[in-house]
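Dear colleague,

Please find below the structure that I am handing over to you, followed by a summary of what was found in it.

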Amino acid sequence: MRQSTTRVAFAVLLGLFLVGSANAELLMHVTGDAVDLDGTNYGDAVYDVRSGLNGTIQAGTAGEASGITNPAAVIGEGLDFPGSDASYVDFGADLNPGSDSLTIAFWFNADKTSGVQMLAGKGNGGSGDAGWSFFLESGVMNVRGHDSTDTTTRWGQRISGIAADTWYHLAMVIDRENDVVRGYLNGSNDGWVTGGGAGGIDTDQLLDGGAIVNTNPIYVGRRITTNAAFDGTIDDIQVYTQAFTADEVKFLHDNPGAVVPEPSSFVLLTIGALAGLLVWRRRRV
């Protein structure tokens with residue numbers, strides 16, 4: 001009996017210890033599924049099923065149809081944008097990462113790859129504006145950011161070869177602990193480069209002590225300024241307060257719709273599994 005109690009106590013302590021290595025917090029999860037929408041017209045809601053940071057569908061004037069539709073996507077349905085400045089989703093001015101790490105990931109399928117198309121961003125409408133953004137330019141995908149504390153350095157990565165009518169999993173990891181930013185396409189950082197291109201990306205190194213703080217809303221489907229609307233579908237947007245490893249980003253690509261466990265869930269799963277193992281071993285004795 002004493003041995004069993006000791007083993008259970010050990011399992012609890014081990015689970016609590018593992019919190020430190022499982023500290024991903026899912027800040028935002030927009031599935032794009034029909035069940036998580038309040039319609040697809042102007043003023044309708046796009047629900048964030050994690051934190052309640054719900055988006056509002058926008059259009060040119062109040063009451064105007066947005067042109068956003070809800071077709072089948074990678075997981076259930078997604079948000080399909082018509083490539084018009086009038087049609088986008090506004091998630092408000094929350095989720096300022098400050099000096100914290102951040103991982104943003106989602107699926108996308110572009111109807112065309114020409115011109116400049118902003119898929120999602122918080123600020124960073126221009127290369128010198130603070131914030132973060134994902135934008136497609138003539139078949140080149142860019143993940144880019146600019147610290148509020150530095151007016152010159154534009155950090156990010158880019159990758160060429162994006163084709164129309166093709167689903168891709170896209171992620172940006174802002175790693176403040178190691179002061180780097182990484183882009184991932186279909187779970188891999190292979191092929192991503194820094195420098196050159198029209199996106200104005202100077203480096204993949206983050207400024208030590210840098211931070212992103214602004215009052216701009218998170219826009220999906222266009223940038224904060226006009227003339228860069230996305231023509232295509234976006235699905236399953238996830239935002240985490242952690243710099244994911246390459247394996248964690250690959251997990252999101254390999255398991256569409258899944259999320260990386262939060263600390264509380266991870267601990268419960270660990271303790272449950274260990275306790276179950278102890279019961280099984282006790283029955284065998």
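Which residue in strand 8 does valine 116 stand opposite? The residue in strand 8 is glutamate 137. Please note that the model is predicted.

The sheet

Strand 7 (residues 116-123) and strand 8 (residues 131-137) run antiparallel and are joined by seven bridges. They belong to an open sheet of eight strands, ordered 2-3-5-13-7-8-9-10, with antiparallel pairing. Strand 2 (45-46) and strand 10 (154-159) stand at the edges with a single partner strand each, so one side of each has no neighbour in the sheet.

The nonpolar cores

The largest nonpolar core has 43 residues, and Phe108 and Phe134 have the most contacts inside it. Strand 6 (residues 102-110) gives the most to this core, namely five residues. Leaving aside residues up to four places away in sequence, phenylalanine 108 touches several residues, including Leu119, Met141, Trp167 and Phe230. Another core, of 12 residues, lies apart from the largest one; among its members are Ala24, Tyr240, Ala243 and Leu252.

Aromatic rings

There are five aromatic pairs in the structure. One of them joins tryptophan 132 and phenylalanine 134, edge-to-face, with 6.0 Å from centre to centre and 80° between the planes. Both tryptophan 132 and phenylalanine 134 are buried, and ring pairs link Phe106, Trp132 and Phe134 into a cluster. In another pair, the ring centres of tyrosine 240 and phenylalanine 244 are 4.5 Å apart and the planes stand at 45°, so this pair is tilted. Tyrosine 240 and phenylalanine 244 are both buried.

Salt bridges

Side chains of opposite charge can pair when their charged atoms come close. The count here is four salt bridges. In one of them, the side chains of aspartate 147 and arginine 176 meet at 2.7 Å, N to O. Aspartate 147 lies in the loop between strand 9 (140-146) and strand 10, and arginine 176 in the loop between strand 11 (167-175) and strand 12 (180-185), so the pair ties together parts that are 29 residues apart in sequence. Aspartate 147 is buried, at 2% relative accessible area, and arginine 176 is also buried, at 11%.

A further salt bridge joins aspartate 254 and lysine 250 (2.6 Å, N to O). These two residues lie in helix 2 (residues 246-254), four residues apart, about one turn of the helix.

Yours sincerely

Key: Residues numbered from 1 in each chain as written. Predicted model: local features only at pLDDT ≥ 70, side-chain atom pairs only at ≥ 80, totals over all residues. Heavy atoms only, no water. Phe/Tyr/Trp six-rings, centres within 6.5 Å; stacked < 30°, edge-to-face > 60°. Buried < 20%, exposed > 50% of the residue type's maximum accessible area, 1.4 Å probe, protein only. Core = buried A, V, L, I, M, F, W, Y, C linked by side-chain atoms within 4.5 Å. Contact = heavy atoms within 4.5 Å. Pairing = 2+ DSSP bridges.
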